[in-house]
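Please examine the sequence and the model shown here before reading on.

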Amino acid sequence: MIKLYNTLTRKKEEFKPIEAKTVGIYTCGPTVYWFSHIGNLRTYFFEDILKRVLLYNNYAVKHIMNITDVGHLTSDADTGEDKLEKSALRENKTVWEVADFYTKHFQNDLKNLNIKEPTVWVKATDTIKEQIDLIKILEQKGFTYQIADGVYFDTSKLKNYGVLRGNKKPIELKAKARIEGAAGKKNITDFALWKLTGPGVQRQMEWDSPWGRGFPGWHTECVVMSIKNLGIPFDIHCGGIDHIQIHHTNEISQAQGAYGKIMANYWLHGEFLNIEGGKISKSIGNVVNLDDLIKKGFNPLSLRYLFLTAHYRSNMDFTWKSLEASQNALQNLSAKILQLGISGGLPSVSVNLEEAYQKKFLDFISDDLNTPKALALMWQMTNDPALSSKEKHSLILDMDKVFGLDLDKIKKEKIPVEINRLSQAREKTRQDKKWAKADEIRNEIAKQGYEIEDTPQGPVIKKI
Ligand code: AMP
Ligand code: ZN
């Protein structure tokens, strides 16, 4: 049984998919106007763990991730500039070139972090027609109004606006003071469905619509891209916690307005990553990207290891020291794999011990994706004298299907036949307690550039 914390109900619930064997997931993707920082990547990592846990539990996963290449403005209150149009001006490129460049870079970041690709990538600009169709339905049902700036969703028309926010009492819709956002907006919480280009404004990305030339609102895009690929309702919708208050709340409102249904049954949100105790922010100048880590000589998977050490619903603080510690832990783990892969060691003392570890691991990861507990269990298991090396080796690789540290790719160095022969000869002399001869052979091996480490599992040969 998998249990997941559902933001919608504010409870950890048993996960019951709509179809018996396949789970549909939609994860809000990047706005491709700039590089993703390691905070963004923590959210995609958590979604990858969710997917791997479902796969480990024998579900097939249909995963949709969008690329926001239009409509995300610098302010979530639907004001400010379009992030992509702004980047295009800065970089002296077309908006399409900007989107293409940062999309590819983002996909490469995912690859470096060993995050599984979604089943379907979908770009906002590829679903403009469907977005216009959705707004038309909302218009027919009386949920919209038009002002000079564009078409807006009237949140006062929806009985239970804000369910995801956990509102106990109705939201105060009319602001006493100024309503943030465009002039003429009726309620504080109303949001743009279609923004008009406006007189004198030059945009590269704009389309005709029944309301005038313009572009869709960010929240509308995700409703269309998810439902088009997964139907309504679908199983799981994910994102970072900052999406609860506005973006996901407004997605739910449109689906409720247009189809009278809750969009997805489970809403999962990952907590934020801070850097050296502070919020990640360009103005503070503390933004770290995956490229910065690689330039400093870190293996990107050491960041993945670091992310595994915290539960996805806990705040996490990134420090360079913690990354170093993770890199060391990952190196130790790799060395362990090599060591364990070398000899079969002693057979297991307890027949059911391997299964017991497997069961405990499954329990931890299926309990709202508890990776820190699962990781601690793996280390405990590697030090358990009651398990054989072979069992430990296969358990680590099995657990790594969820951790995603690519441990199956760690290969033993190819040791020349002659060195292997000398090592075996040395073992024989050691068994015969001919210590001087054993040292002689060790020196001969060293002369040829190899060293021998004697471990409880047997000798390990390494290049010097
Ligand atoms: P954006 O491209 O701004 O829409 O963000 C992409 C994803 O990263 C979204 O799911 C955000 O919720 C998430 N996100 C943004 N900042 C952070 C952070 N500091 N830590 C974790 N996730 C974040
Ligand atoms: Zn979204």
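## Basis of the description

This is a predicted model, in which local features need pLDDT of at least 70 and side-chain atom pairs count only at pLDDT 80 or more, while totals for chains, interfaces and linings use all residues. Residues are numbered from 1 along each chain as its sequence is written, chains are lettered from A and ligands numbered from 1 in the order in which they are written, and side-chain values use heavy atoms, with hydrogens and water left out.

## The chain as a whole

The C-alpha trace of the chain spans about 95 × 50 × 35 Å along its principal axes. Its secondary structure comes to 14 helices and 15 strands; helices (H or I, at least four residues) and strands (E, at least two) are DSSP runs, numbered from the N terminus. Of the 464 residues, 52% are buried, where buried means under 20% relative accessible area, exposed over 50% and partly exposed in between, with a 1.4 Å probe and protein chains only.

The domain assignment gives domain 1 (3-270), domain 2 (292-310 + 327-409) and domain 3 (417-463); such bounds come from an automatic or database domain assignment. Between the C-alpha centres of domain 2 and domain 3 the distance is 29 Å. A contact means heavy atoms within 4.5 Å. Among contacts between residues at least 6 apart in sequence, 74% join residues at least 24 apart.

## The zinc site

Which residues coordinate the zinc ion (ligand 2)? They are C28 (SG), C222 (SG) and H247 (NE2), at 2.1 to 2.2 Å. Donors are N, O and S atoms within 2.8 Å of the metal (3.2 Å for Na, K and Ca); water is not among the atoms, so sites may look incomplete. The donor residues follow the sequence spacing C-x193-C-x24-H.

C28 lies in the loop between β3 (22-27) and α1, and H247 in helix α6 (residues 244-259), so the pair ties together parts that are 219 residues apart in sequence. C28 is buried, with a relative accessible area of 6%, and H247 is also buried, at 1%.

## Two helix pairs

Two packed helices are described by the angle between their axes and the distance between the axes. Axes are lines fitted to C-alpha atoms, for helices over the stretch in contact, and angles run from 0 to 180 degrees between N-to-C directions. Helix α1 (residues 38-56) packs against helix α12 (residues 389-403) at about 135°, with axes 8 Å apart. That angle makes α1 oblique to α12, because angles under 35 degrees count as roughly parallel, over 145 as roughly antiparallel, 65 to 115 as roughly perpendicular and the rest as oblique. Here I49, R52, V53 and Y56 of α1 meet D398, D400, K401 and V402 of α12.

Helix α4 (residues 128-140) and helix α5 (residues 218-230) pack at about 105°, with their axes 9 Å apart, and α4 is therefore roughly perpendicular to α5. In this pair E130, Q131, L134 and I135 of α4 meet T220, E221, V223, V224 and K228 of α5.

## Two single residues

N112 belongs to helix α3 (residues 95-112) and is partly exposed, at 28% relative accessibility. Leaving aside residues up to four places away in sequence, N112 touches L290, I294, P300 and L301.

S87 is placed in helix α2 (residues 83-91). This serine is buried, with a relative accessible area of 1%. Not counting residues up to four places away in sequence, S87 touches Y33 and V98.
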